[in-house]
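Please keep the sequence and the structure open while reading.

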Amino acid sequence: MNEFSERLIDQNPEVGADNIYFQFKEYRLENLLSAAKISTISGWNVLDLGCGSKDSTSVDFGDDRRFEAWFPRVCAANGAARVVGVDLYDQSPEDKNVYEHIRADLKPLLTGEVLVKKFGKQSFNLINTEGFLLHKEPGAAFSGAMGFSEMIMASRGTEEQRQKVDRLIENLLKQSMKLLKPGGIASIEENAYQLQDDGTLKPLKVHFL
Ligand SMILES: C[S@@+](CC[C@H](N)C(=O)[O-])C[C@H]1O[C@@H](n2cnc3c(N)ncnc32)[C@H](O)[C@@H]1O
């Protein structure tokens with residue numbers, strides 16, 4: 001645990017390691033690392049897209065804490081050197097010193113090479129999206145997602161909308177090939193890939209939950 005995370009948890013005990021949502025994200029990180037046979041993220045640079053925010057949670061779930069920036073917190077707590085989170089909503093005040101937050105609509109950032117231009121080549125060891133580029137069949141569980149965004153609504157929408165999400169994922173993977181450092185990982189919803197020496201992304205065998 002690094003000093004920022006220690007402070008976060010000291011000042012906000014409900015955010016701490018006992019929190020079920022914190023534990024879910026630790027589980028995601030552990031599974032990723034074990035699939036990639038990597039033992040630590042110490043010193044890593046992490047980019048989390050649609051990272052969560054207390055405001056996004058309250059818009060759709062009242063006071064429930066489930067979609068706060070748990071993954072950035074977990075990465076910071078596990079020694080990442082730099083964690084950047086991007087979300088439509090503002091950063092929660094208690095996370096101010098925990099990770100760098102960019103409030104932005106990701107849709108334009110996911111097109112072309114916008115992320116590559118913004119952050120530069122080989123800038124991250126891990127790029128993560130969860131609960132953001134969802135691609136569930138219509139009628140699947142997760143009804144609460146209806147309020148979030150056009151993109152998430154697309155996960156329950158028409159074939160055309162789902163194809164749009166597919167194209168965004170495809171383009172994010174293309175950008176990841178440039179954004180990742182050698183051996184870096186892209187974990188995009190339920191799938192994860194590791195950058196190989198020849199510049200390709202190899203799927204990792206990982207079951208998140
Ligand atoms: C279901 S929550 C998941 C949060 C977090 N990744 C997690 O796994 O707990 C989806 C998040 O994506 C964000 N989001 C949705 N559409 C977005 C967009 N177009 N641009 C940026 N963020 C977006 C929402 O604000 C919300 O915080």
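Q: In which helix is F4 found?
A: This is a predicted model, in which local features need pLDDT of at least 70, side-chain atom pairs count only at pLDDT 80 or more, and totals for chains, interfaces and linings use all residues. Residues are numbered from 1 along each chain as its sequence is written. Helices are DSSP runs of H or I with at least four residues, strands are DSSP runs of E with at least two, and both are numbered from the N terminus. On that basis, F4 is found in helix α1.

Q: Is F4 buried, partly exposed or exposed?
A: A residue is called buried if 20 or more other C-beta atoms lie within 10 Å of its own, exposed if 12 or fewer do, and partly exposed in between, with C-beta atoms placed from the backbone. F4 has 17 other C-beta atoms within 10 Å, and therefore F4 is partly exposed.

Q: Which residues does F4 touch, not counting those up to four places away in sequence?
A: Contact here requires that the C-beta atoms of two residues, placed from the backbone, lie within 7 Å. F4 and R73 are 69 residues apart in sequence, with 9.3 Å between their C-alpha atoms. Under the contact criterion, and leaving out residues up to four places away, F4 touches A76, N97 and V98.

Q: How many residues of α4 are buried, and which are they?
A: Helix α4 spans residues 70-77, and the helix is mostly covered, eight of its eight residues being buried. The cover over these buried residues includes α1 (3-11), α2 (20-35), β1, β2 (82-87) and β4 (124-129). The buried residues are W70, F71, P72, R73, V74, C75, A76 and A77.

Q: At roughly what angle do the axes of α2 and α4 cross?
A: Two packed helices are described by the angle between their axes and the distance between the axes. Axes are lines fitted to C-alpha atoms, for helices over the stretch in contact, and angles run from 0 to 180 degrees between N-to-C directions. The axes of α2 and α4 come within 9 Å and cross at roughly 65°.

Q: How many nonpolar, polar and charged residues does the contact of α2 with α4 have?
A: On the α2 side Y21, F22, K25, E26, R28 and L29 take part, meeting W70, F71, R73, V74 and C75 in α4. Ala, Val, Leu, Ile, Met, Phe, Trp, Tyr, Cys and Pro count as nonpolar, Asp, Glu, Lys and Arg as charged, and the others, Gly among them, as polar. By class, this contact has seven nonpolar, no polar and four charged residues.

Q: In what order do the strands of the open sheet lie?
A: The chain has eight helices and seven strands. Two strands count as paired if DSSP finds at least two bridges between them. β1 pairs with β2 in the parallel sense over five bridges, and four bridges join β1 to β4, which also run parallel. The open sheet of seven strands has mixed pairing and the order β3-β2-β1-β4-β5-β6-β7.

Q: Which strands of the sheet does α4 touch?
A: The edge strands of the sheet are β3 (100-103) and β7 (201-204), each pairing on one side only. Helix α4 packs on the sheet with its direction at about 175° to that of β2, and the strands touched by α4 are β1, β2 and β4.

Q: Which residues have the most contacts inside the largest nonpolar core?
A: A nonpolar core is a set of buried Ala, Val, Leu, Ile, Met, Phe, Trp, Tyr and Cys residues joined through C-beta atoms within 7 Å. C75 is in contact with L29, I41, V46, A80 and V83, neighbours within four places in sequence being left aside. The largest such core has 46 residues, and those with the most contacts inside it are V46, C75 and A186.
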